[in-house]
Amino acid sequence: MKQDIKSMLLPELKEAFSELGEPSFRAGQVYTWLHRGIRSFDEMTNLPKDLRARLSEIYTLTVPAVERRQISAKDGTIKYLWRLGDGNCVETVLMRYRYGNSVCVSSQVGCRMGCKFCASTLGGLVRSLEPSEILDQVLFTGLDSGEPVSHIVLMGIGEPLDNYDNVLKFIRLVTSSEGLNLSMRHISLSTCGVVPGIWKLAEENLQLTLSISLHAPNDEIRSGIMPVNRAYDIAALLEACRDYFRITGRRISFEYAMIRDVNDSAENAAELASRLKGMAAHVNLIPLNNVEESPLKPSGRDRIAAFQRELEKRGVTATVRRSLGGDIDASCGQLRRKQILETN
Ligand code: SAH
């Protein structure tokens with residue numbers, strides 16, 4: 001079976017090239033081409049022709065195709081639906097902020113976490129993405145849009161910590177100085193709360209931002225909307241978060257989707273504040289995005305503002321997330337879902 005060349009780190013490529021009898025600088029040249037998003041080995045014009053031919057015999061080169069592209073008329077957010085080599089599709093979103101452009105990447109085709117409010121999990125997990133397929137979302141979004149990419153959020157389709165090794169390798173690739181050389185501090189990884197993955201990540205001691213999809217102040221509510229909570233409850237999750245902070249020194253960000261009459265009362269805010277008290281935490285309140293198949297509805301503006309005030313009053317910093325791309329199905333999983341429903 002052919003090896004996927006873009007999933008290889010530079011030292012791995014150098015080793016493979018030395019086994020092929022090629023000098024180490026050739027590996028460097030190839031790595032540079034790969035991270036520029038070339039579409040075939042023949043584009044590596046500073047390589048001898050026979051080496052290019054040899055590489056294409058030994059390795060596969062992933063090249064995603066734009067299946068759909070939606071551009072928000074409101075804020076310039078661009079949503080891509082990419083078709084992968086095996087026909088599966090994943091979504092990527094380019095968001096423009098004052099500090100730069102951020103790309104939201106998917107880590108899996110589908111998801112097996114089963115959160116009740118999420119469109120990505122409706123058809124279950126199809127498969128995990130390779131490191132190259134996650135990197136491609138960054139490379140080809142940059143190339144297609146013509147926009148430089150400075151920030152990455154792992155908040156697209158899939159649970160990053162359910163694809164731990166490939167996600168970590170992607171992070172190493174995208175931050176490598178011979179590649180895109182992105183700053184580790186410009187990467188956010190979001191998890192629904194896979195506790196063993198959080199422990200593992202803490203040991204890597206990376207300067208990225210860990211974001212926890214908490215969405216509830218107690219186990220009763222959380223288990224009702226997030227099945228993962230039955231395996232790892234809030235106490236276990238927050239314990240892992242405290243350790244994560246102790247080891248890495250990085251403040252944790254908690255996502256809280258505001259769902260009408262489910263988790264948005266003043267009492268819920270008070271309980272949340274008491275659980276997060278003393279933690280170096282920041283709460284991001286997100287108005288729930290409507291998912292057609294779900295009976296859950298977003299909280300009203302006033303409810304969200306009151307919830308935020310309640311948290312702040314109790315010493316927990318909270319912001320309400322500005323929503324981008326509301327006119328282009330930009331919430332994760334929605335575009336892929338649409339594509340599947342339309343083709344069936
Ligand atoms: N699996 C990871 C990352 C992907 S989801 C995780 O759960 O964190 C990115 C964020 O969007 C998560 O916080 C998720 O809970 C949230 N999300 C999913 N569906 C949503 C919806 N309909 N409205 C608002 N946020 C949603």
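The structure contains an open sheet of 10 strands in the order 3-4-5-6-9-10-11-12-13-14, with mixed pairing. Strands here are DSSP runs (E, at least two residues) and helices likewise (H or I, at least four residues), numbered from the N terminus; two strands pair if DSSP finds at least two bridges between them. The model is predicted, so local features need pLDDT of at least 70 and side-chain atom pairs count only at pLDDT 80 or more, while totals for chains, interfaces and linings use all residues. Residues are numbered from 1 along each chain as its sequence is written, and side-chain values use heavy atoms, with hydrogens and water left out.

- Strand 10 (residues 187-191) and strand 11 (residues 209-213) run parallel and are joined by four bridges.
- Within this pair, Thr-191 stands opposite Ile-212 of strand 11.

**Helices on the sheet**

- Helix 4 packs on the sheet and touches strand 3, strand 4, strand 5, strand 6 (100-104) and strand 9, where contact means heavy atoms within 4.5 Å.
- The direction of helix 4 makes about 125 degrees with that of strand 4; axes are lines fitted to C-alpha atoms, for helices over the stretch in contact, and angles run from 0 to 180 degrees between N-to-C directions.
- Helix 12 (residues 334-343) also packs on the sheet, touching strand 3, strand 4 and strand 5, and its direction makes about 120 degrees with that of strand 3.
- Gln-334, Leu-335, Arg-336 and Gln-339 are buried in helix 12 (buried is under 20% relative accessible area, exposed over 50%, partly exposed in between, with a 1.4 Å probe and protein chains only).
- The cover over the buried residues of helix 12 includes strand 3, strand 4, strand 5, strand 7 (108-110) and strand 8 (125-128).

**Salt bridges**

- The whole structure has 18 salt bridges, each a side-chain nitrogen of Lys or Arg within 4 Å of a carboxyl oxygen of Asp or Glu.
- Lys-79 pairs with Glu-91, with 2.5 Å between the closest N and O atoms.
- This pair links distant parts of the chain, 12 residues apart: Lys-79 is in strand 4 (residues 78-83) and Glu-91 in strand 5 (residues 89-97).
- Lys-79 and Glu-91 are both buried.
- Glu-147 forms a salt bridge with Arg-96, the closest N and O atoms lying 2.9 Å apart.
- Because Glu-147 lies in the loop between helix 4 (131-145) and strand 9 (151-154) and Arg-96 in strand 5, the pair ties together parts 51 residues apart in sequence.
- Glu-147 is partly exposed at 24% relative accessible area, and Arg-96 is partly exposed at 29%.
- Glu-133 bridges to Arg-127, with the closest N and O atoms 2.9 Å apart.
- Glu-133 counts as buried at 9% relative accessibility, whereas Arg-127 is partly exposed at 22%.

**Ligand site**

- Around the ligand there are 17 residues, of which Phe-117, Ser-190, Ser-213, His-215 and Asn-289 come nearest; a residue counts if one of its heavy atoms lies within 4 Å of the ligand.
- A nitrogen atom of the ligand is 3.0 Å from a backbone N or O atom of Gly-158.
- The side chain of Glu-159 has an N or O atom 3.0 Å from a nitrogen atom of the ligand.
- A polar backbone atom of Asn-289 lies 2.9 Å from a ligand nitrogen atom.

Notes:
A polar contact is a pair of N or O atoms within 3.5 Å; within protein, one must be able to donate a hydrogen and the other to accept it, and residues adjacent in sequence count only if both atoms are side-chain atoms.
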